[in-house]
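Open the model in your viewer and keep the selection tool at hand. We will go from one piece to the next.

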Amino acid sequence: MNFGQVLTAMVTPFDSEENIDFDATRALVNHLIENGSDGLVIAGTTGESPTLSTEEKVSLFKFVVEVVDGRVPVIAGTGSNNTRASIRLTEKAEEIGVDAVMLVTPYYNKPTQEGLYQHFSTIAQSTSLPVMLYNIPGRSVINMEPATVIRLSQIKNIVSIKEASGDLDAATEIIRETSDDFSVYSGEDSNTLPFVSIGGTGIVSVSSHVIGNEMQQMIQSFREGDFAYAARLHQKLLPVMHAIFSAPSPSPVKAALNAKGVEAGGVRLPLLPLSEEEEKHVLSELEKVQPKEAFTVS
């Protein structure tokens, strides 16, 4: 299933008391749809899912589905390292009306490859929703091997993967050995163009909060055969992508959004806001690809 070529892993806006700011969320959703996002992934890593309660996630799912109103796919992060809890949250997400769910590899408890297969297949069998797998060994410690992904892809409603290992060889194997309607997305912004060049579907991005249109242009240029221009855009955007991950995410992208007048608020502990020097670095890189007038803070 193709959800689009640039999906945004959306931040969760907070107010001054660190509660979900639903007014800001509405504005952010509209900003993203109007600026290059083909779909939204909510309550994922970038949405600070580890510090969102189940009740907050359900409220967020419901609100975003209502605001989006069918304009783009809404993919809800319902995965965890607790299979039963993931099933319950997935069932609630389906009742609310999300378009798909994303299931992260179980963190901390370090299952075997067979354990991963059983975890994901059990959750998939509990829902009729399309399922996007999410492999991110840098955060979950465990890496889902291509053979496990390929095996899982044979389950009817497991239709996609966000592959954030950064391993292009593994991604190539997955793309080669899965059916053409199984979509394979990069989870690493800096790998967007290389990933598309090996046959990937697109990117589940953090940087697209602020350079979504530019990322769309880069991918489209490549697909239209203008490889040289796509490469130049990649070279231009890469420092911005690096800056967006220059501190634990989503602190840098929230700082960039706030500076552009798209209120995202701060982050919850144990994450910290950027220092003045860190923020200056992020904005200086962004200003190299966008006019300074786009910012409300210098």
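Start by selecting β6, helix α7 (residues 168-177) and β7: together they form a right-handed β-α-β unit. Right-handed means that, with the strands pointing away from you, the path from the first strand over the helix to the second runs clockwise. Helices (H or I, at least four residues) and strands (E, at least two) are DSSP runs, numbered from the N terminus. This is a predicted model: local features need pLDDT of at least 70, side-chain atom pairs count only at pLDDT 80 or more, and totals for chains, interfaces and linings use all residues. Residues are numbered from 1 along each chain as its sequence is written, and side-chain values use heavy atoms, without hydrogens and water.

Next, follow the chain out of β7. It passes through helix α8 (residues 192-197) to β8, again as a right-handed β-α-β crossover.

Now show the strand pairing (at least two DSSP bridges between two strands). Strand β6 (residues 158-163) runs parallel to β7, with four bridges. Select Lys162: its bridge partner in β7 is Tyr185. On to strand β8 (residues 202-205), which pairs with β7 in parallel over two bridges. Here Tyr185 has Gly202 as its partner in β8.

Stay on strand β7 (residues 183-186). Are its faces buried or exposed? Ser183 and Tyr185 on one side, and Val184 and Ser186 on the other, are all buried (under 20% relative accessible area, with exposed over 50% and partly exposed in between; 1.4 Å probe, protein chains only).

Finally, zoom out. Eight strands close a barrel in the order β1-β2-β3-β4-β5-β6-β7-β8, with parallel pairing.
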